[in-house]
Amino acid sequence: MQEVFFGLLLLIGLVALQTGTRYWTVHRTRKAWTDAQAHLSRGDFDEAEPALARCVKLMPLWIQPRMVYGAVLSRQGKLTEAEEHLKMAAQLQPREADGHIELGIFYVTAADRIDDGVAAFREALACDDKARYRIDTEPRLREFRDSEAYSQLDA
(Lines give C-alpha, C1' and ligand atoms only; values in the text may rest on other atoms or scores of the structure.)
Protein backbone atom coordinates (compact mmCIF):
# COMPACT_ATOMS: atom_id res chain seq x y z
CA MET A 1 0.00 0.00 0.00
CA GLN A 2 2.89 2.29 0.77
CA GLU A 3 4.28 1.86 -2.77
CA VAL A 4 0.94 2.87 -4.31
CA PHE A 5 0.75 5.96 -2.12
CA PHE A 6 4.34 6.89 -3.01
CA GLY A 7 3.62 6.30 -6.72
CA LEU A 8 0.55 8.55 -6.63
CA LEU A 9 2.46 11.22 -4.75
CA LEU A 10 5.27 11.05 -7.30
CA LEU A 11 2.78 11.27 -10.19
CA ILE A 12 1.07 14.30 -8.66
CA GLY A 13 4.46 15.92 -8.13
CA LEU A 14 5.48 15.33 -11.76
CA VAL A 15 2.19 16.73 -13.08
CA ALA A 16 2.57 19.80 -10.85
CA LEU A 17 6.17 20.26 -12.04
CA GLN A 18 5.14 20.02 -15.68
CA THR A 19 2.26 22.45 -15.17
CA GLY A 20 4.54 24.91 -13.42
CA THR A 21 7.16 24.64 -16.15
CA ARG A 22 4.56 25.30 -18.85
CA TYR A 23 3.20 28.28 -16.97
CA TRP A 24 6.71 29.67 -16.51
CA THR A 25 7.51 29.21 -20.21
CA VAL A 26 4.29 30.95 -21.27
CA HIS A 27 4.96 33.77 -18.81
CA ARG A 28 8.52 34.28 -20.11
CA THR A 29 7.34 34.14 -23.72
CA ARG A 30 4.58 36.66 -23.08
CA LYS A 31 7.07 39.02 -21.44
CA ALA A 32 9.55 38.66 -24.31
CA TRP A 33 6.78 39.27 -26.88
CA THR A 34 5.57 42.36 -25.01
CA ASP A 35 9.14 43.68 -24.82
CA ALA A 36 9.66 43.03 -28.53
CA GLN A 37 6.45 44.83 -29.44
CA ALA A 38 7.47 47.82 -27.32
CA HIS A 39 10.89 48.02 -28.98
CA LEU A 40 9.38 47.64 -32.45
CA SER A 41 6.85 50.40 -31.81
CA ARG A 42 9.80 52.71 -31.09
CA GLY A 43 11.67 51.49 -34.17
CA ASP A 44 14.43 50.00 -32.02
CA PHE A 45 15.24 46.86 -34.02
CA ASP A 46 18.51 46.17 -32.19
CA GLU A 47 16.66 45.83 -28.88
CA ALA A 48 13.75 43.93 -30.42
CA GLU A 49 16.03 41.24 -31.86
CA PRO A 50 17.00 39.51 -28.58
CA ALA A 51 13.41 39.63 -27.31
CA LEU A 52 12.18 37.99 -30.51
CA ALA A 53 14.98 35.44 -30.31
CA ARG A 54 13.75 34.53 -26.82
CA CYS A 55 10.20 34.10 -28.15
CA VAL A 56 11.42 31.80 -30.91
CA LYS A 57 13.59 29.83 -28.49
CA LEU A 58 10.82 29.40 -25.91
CA MET A 59 8.05 28.60 -28.40
CA PRO A 60 9.64 27.52 -31.67
CA LEU A 61 6.33 26.56 -33.29
CA TRP A 62 4.73 29.99 -32.80
CA ILE A 63 4.71 31.46 -36.30
CA GLN A 64 4.12 35.18 -35.64
CA PRO A 65 7.33 35.94 -33.70
CA ARG A 66 9.33 33.83 -36.13
CA MET A 67 8.09 35.93 -39.07
CA VAL A 68 8.69 39.20 -37.22
CA TYR A 69 12.14 37.97 -36.16
CA GLY A 70 12.96 37.16 -39.78
CA ALA A 71 11.85 40.65 -40.86
CA VAL A 72 13.95 42.30 -38.14
CA LEU A 73 17.00 40.23 -39.08
CA SER A 74 16.42 41.20 -42.70
CA ARG A 75 16.38 44.91 -41.82
CA GLN A 76 19.65 44.43 -39.98
CA GLY A 77 21.26 42.84 -43.03
CA LYS A 78 21.44 39.35 -41.51
CA LEU A 79 19.97 37.79 -44.61
CA THR A 80 21.01 34.18 -44.07
CA GLU A 81 19.44 34.02 -40.62
CA ALA A 82 16.37 35.94 -41.80
CA GLU A 83 15.80 33.52 -44.67
CA GLU A 84 16.16 30.56 -42.29
CA HIS A 85 13.44 31.85 -39.96
CA LEU A 86 11.09 32.94 -42.74
CA LYS A 87 11.45 29.58 -44.50
CA MET A 88 10.73 27.81 -41.23
CA ALA A 89 7.60 29.92 -40.70
CA ALA A 90 6.35 28.99 -44.17
CA GLN A 91 7.17 25.31 -43.62
CA LEU A 92 5.49 25.14 -40.21
CA GLN A 93 2.16 26.10 -41.79
CA PRO A 94 2.50 25.18 -45.47
CA ARG A 95 -1.21 25.63 -46.20
CA GLU A 96 -1.30 29.17 -44.78
CA ALA A 97 -0.47 32.03 -47.13
CA ASP A 98 1.09 34.43 -44.59
CA GLY A 99 4.40 32.60 -44.23
CA HIS A 100 4.82 32.32 -47.99
CA ILE A 101 3.99 35.99 -48.46
CA GLU A 102 6.54 37.09 -45.85
CA LEU A 103 9.15 34.84 -47.45
CA GLY A 104 8.32 36.30 -50.86
CA ILE A 105 8.57 39.84 -49.51
CA PHE A 106 11.99 38.99 -48.10
CA TYR A 107 13.19 37.56 -51.42
CA VAL A 108 11.88 40.49 -53.45
CA THR A 109 12.86 43.38 -51.18
CA ALA A 110 15.93 42.32 -49.20
CA ALA A 111 17.58 39.36 -50.91
CA ASP A 112 17.04 40.57 -54.51
CA ARG A 113 15.99 37.07 -55.56
CA ILE A 114 12.97 37.89 -57.67
CA ASP A 115 12.39 34.38 -59.03
CA ASP A 116 12.34 32.90 -55.52
CA GLY A 117 9.96 35.67 -54.45
CA VAL A 118 7.60 34.97 -57.34
CA ALA A 119 7.67 31.25 -56.45
CA ALA A 120 6.82 32.05 -52.82
CA PHE A 121 3.97 34.33 -53.90
CA ARG A 122 2.61 31.62 -56.21
CA GLU A 123 2.69 29.21 -53.27
CA ALA A 124 0.73 31.74 -51.21
CA LEU A 125 -1.82 32.19 -54.00
CA ALA A 126 -2.26 28.42 -54.18
CA CYS A 127 -3.04 28.38 -50.45
CA ASP A 128 -5.53 31.21 -50.26
CA ASP A 129 -7.40 33.37 -52.77
CA LYS A 130 -7.19 36.32 -50.37
CA ALA A 131 -3.40 36.32 -50.71
CA ARG A 132 -3.75 38.24 -53.98
CA TYR A 133 -5.28 41.19 -52.13
CA ARG A 134 -2.42 41.28 -49.65
CA ILE A 135 0.19 41.10 -52.41
CA ASP A 136 -1.65 43.84 -54.30
CA THR A 137 -1.86 46.16 -51.29
CA GLU A 138 1.32 45.42 -49.29
CA PRO A 139 3.29 48.70 -49.12
CA ARG A 140 6.64 46.89 -49.08
CA LEU A 141 5.84 45.46 -52.53
CA ARG A 142 5.19 48.78 -54.27
CA GLU A 143 8.31 48.57 -56.45
CA PHE A 144 7.72 44.88 -57.16
CA ARG A 145 4.20 45.60 -58.43
CA ASP A 146 5.67 48.13 -60.86
CA SER A 147 8.14 45.58 -62.21
CA GLU A 148 7.73 43.07 -65.00
CA ALA A 149 8.18 40.20 -62.53
CA TYR A 150 4.82 41.02 -60.97
CA SER A 151 3.06 39.97 -64.17
CA GLN A 152 4.69 36.52 -63.79
CA LEU A 153 2.32 35.78 -60.91
CA ASP A 154 -0.54 35.35 -63.36
CA ALA A 155 1.43 33.08 -65.66
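Predicted model: local features only at pLDDT ≥ 70, side-chain atom pairs only at ≥ 80, totals over all residues.
1. On the fold, I count eight helices and zero strands in the protein chain, which reads α-α-α-α-α-α-α-α along the sequence. The radius of gyration is 21 Å, well over the 15 Å that the globule rule gives for 155 residues, so the protein chain is more spread out than a compact globule. For the overall dimensions, the C-alpha trace spans about 80 × 35 × 25 Å along its principal axes.

2. Now packing and surface. Buried residues make up 35% of the 155 in the protein chain. Among contacts with a separation of 6 or more, 44% come from residues 24 or more positions apart.

3. Have a look at Asp112. Its phi is near 55°, a positive value in a residue other than glycine. Most residues other than glycine have a negative phi, which is what makes this one worth a glance. Asp112 belongs to the loop between helix H5 (97-110) and helix H6 (114-127), and at 62% relative accessibility the residue counts as exposed.

4. What about the cysteines? Cys55 is buried, at 0% relative accessibility, while Cys127 is partly exposed, with a relative accessible area of 26%. How many disulfides are there? The count comes to zero, taking a disulfide as a pair of cysteine sulfur atoms within 2.5 Å.

Definitions and conventions: Residues numbered from 1 in each chain as written. Heavy atoms only, no water. Buried < 20%, exposed > 50% of the residue type's maximum accessible area, 1.4 Å probe, protein only. Helix = DSSP H or I, 4+ residues; strand = E, 2+ residues; numbered from the N terminus. Rg over C-alpha atoms; globule rule 2.2 N^0.38 Å. Contact = heavy atoms within 4.5 Å.
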